Amino acid sequence: SILCNKTCVCPASQIQTVTLIPGDGIGPEISNAVMKIFEAAKAPIRWEERNVTAIRGPGGKWMIPPDAKESMDKNKIGLKGPLKTPIAAGHPSMNLLLRKTFDLYANVRPCVSIEGYQTPYTDVNLVTIRENTEGEYSGIEHVIVDGVVQSIKLITEQASKRIAEYAFEYARNNQRASVTAVHKANIMRMSDGLFLRKCREAAEKYKDVKFTEMYLDTVCLNMVQDPTQFDVLVMPNLYGDILSDLCAGLIGGLGVTPSGNIGANGVAIFESVHGTAPDIAGKDLANPTALLLSAVMMLRHMGLHGHAKKIESACFDTIRDRKVLTKDLGGNSKCSEFTEAICQRMKDMD
Amino acid sequence: MVLYRVLSSSPNKPANALQSTLLNMQETIREPMVQDPTQFDVLVMPNLYGDILSDLCAGLIGGLGVTPSGNIGANGVAIFESVHGTAPDIAGKDLANPTALLLSAVMMLRHMGLHGHAKKIESACFDTIRDRKVLTKDLGGNSKCSEFTEAICQRMKDMD
């Protein structure tokens with residue numbers, strides 16, 4: 001490890017430990033790809049591997065394994081591959097468990113068009129920021145009478161304020177020009193109205209960032225016609241669920257889209273949001289781009305901009321070059337060959 | 001939260017031959033919609049999702065200025081409508097594009113069983129747009145609303 005002289009303040013040269021959750025299916029192989037690329041980039045990261053398969057704690061409550069929680073609480077930063085959804089009855093969703101354990105309140109997805117991987121849309125460069133703890137997914141439903149069900153959409157001042165301020169802080173830290181609140185306060189006057197008010201209040205504190213408001217249906221209409229008009233978008237849970245996947249689709253899908261989850265107490269977990277792809281697991285066919293770009297997002301979050309830029313450029317250049325691409329990107333290279341091509345580019349950069 | 005995707009079969013098959021597939025919206029709908037909308041057919045969904053998806057799909061074909069819409073009610077009532085705005089800045093200037101309202105009226109004719117007239121008007125409208133000689137400003141041309149309308153009428157006279 002690199003020892004830093006105690007009289008010099010150079011956090012970039014200190015090794016930081018990050019919790020790595022490889023996940024299931026193609027998870028382990030794409031995690032290996034990322035570790036290999038990070039090593040080639042000489043990124044000051046030490047990986048601490050943990051498994052998050054839910055276990056029953058004392059009292060029968062489902063929880064993530066104590067050593068995984070301990071690792072995350074200590075390291076604060078995590079990188080996660082895809083998790084399979086257990087079929088066993090009563091088994092909770094792993095993503096939900098992680099979200100609740102670490103209060104992951106913001107889901108952030110930067111969507112940038114990738115040169116060399118063509119989609120019907122070009123020059124996309126936007127970020128969706130989704131409130132991930134409440135809203136339409138509060139899980140509060142009840143039967144009024146037979147055949148009539150109500151679902152409660154919960155919007156709180158606290159959660160709305162928190163996500164709004166995160167969105168503006170993100171915009172400022174990442175040199176984004178504007179934040180747009182996506183809502184339907186014309187219909188849901190009290191719930192979306194509260195959300196919108198908190199966004200407006202946050203805007204007052206960040207005068208250097210432009211603030212606009214747009215109805216969700218208008219956003220969708222405009223998004224498919226000209227996504228280049230959008231910058232940072234902040235919204236409640238359900239709208240975020242929809243828009244984040246929509247925008248991922250614009251740039252090529254979940255196989256190439258990074259994602260980050262911001263929690264309380266400085267915790268942040270970056271993850272690929274595609275599936276475990278069991279049909280190609282273990283065959284050296286997977287595309288590690290989504291997990292790699294999520295890891296790049298992680299580096300930026302940690303202030304390691306130089307390494308982030310280096311790895312990102314090597315990845316994008318490899319894809320732009322179109323010589324070594326995995327099958328889903330239109331080529332016929334192996335995961336290991338794609339990984340090696342990226343590593344080689346970084347060696348050439350030095 | 002699920003989205004039922006109904007794959008339509010030919011009108012002559014009985015209802016129980018219709019296939020329905022339960023699709024999780026999370027996995028299947030929005031991302032593929034912008035990547036390949038041709039994979040979809042009829043989509044039925046609750047209110048909010050419909051608010052979102054109907055506008056999204058209108059965007060795929062060019063926006064609210066060219067999208068027809070129909071509202072079906074109880075007791076046989078049905079109201080067909082253009083879903084764009086009133087465009088006060090161009091009102092009264094013979095600049096408007098009547099396509100959305102026209103296609104809604106064509107939808108109305110089909111609802112009423114008047115398929116022959118529906119086909120005729122629709123073809124005349126689509127042919128005029130395809131020809132790209134007489135188009136309103138929003139469609140990329142510089143013709144007046146009345147000129148666009150006249151072009152469609154002329155095509156139908158030529159059809160007879």
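## A first look at chains A and B

Of the 160 residues in chain B, 30% count as buried, where buried means under 20% relative accessible area, exposed over 50% and partly exposed in between (1.4 Å probe, protein chains only). This is a predicted model, in which local features need pLDDT of at least 70, side-chain atom pairs count only at pLDDT 80 or more, and totals for chains, interfaces and linings use all residues. Residues are numbered from 1 along each chain as its sequence is written, chains are lettered from A and ligands numbered from 1 in the order in which they are written, and side-chain values use heavy atoms, with hydrogens and water left out.

**Chain B**

- Chain B has six helices and five strands; helices (H or I, at least four residues) and strands (E, at least two) are DSSP runs, numbered from the N terminus.
- Along the sequence, their pattern is β-β-α-α-β-α-β-β-α-α-α.
- Of the contacts (heavy atoms within 4.5 Å) in chain B between residues at least 6 apart in sequence, 45% join residues at least 24 apart.

**Nonpolar cores**

- In soluble globular proteins, nonpolar side chains tend to be buried together.
- A nonpolar core is a set of buried Ala, Val, Leu, Ile, Met, Phe, Trp, Tyr and Cys residues joined through side-chain atoms within 4.5 Å.
- The largest such core holds 70 residues, and A:Phe38, A:Trp47 and A:Ile129 have the most contacts inside it.
- Helix H8(A) gives the most to this core, with eight residues.
- Apart from this core lies another, of 28 residues, including A:Leu216 and A:Phe230.

- A:Ser294 lies in helix H8 of chain A.
- Why does A:Ser294 count as buried? Because its relative accessibility is 0%.
- Among the residues that A:Ser294 touches, not counting those up to four places away in sequence, are A:Leu79, A:Thr257 and A:Phe270.

**The second largest pocket**

- The second largest pocket is lined by 28 residues, with A:Pro110, A:Tyr170, A:Asn174, A:Met297 and A:Arg300 nearest its centre.
- Strands E6 (104-112) and E7 (125-131) and helices H4 (157-173), H8 (289-301) and H9 (305-321) of chain A each supply at least two lining residues.

How values were computed: On a 1 Å grid over the protein atoms alone, a cavity is a set of points where a 1.4 Å probe fits but cannot get out, and a pocket is an open set with protein on both sides within 12 Å along at least five of seven lines; lining residues have an atom within 4 Å of a point.
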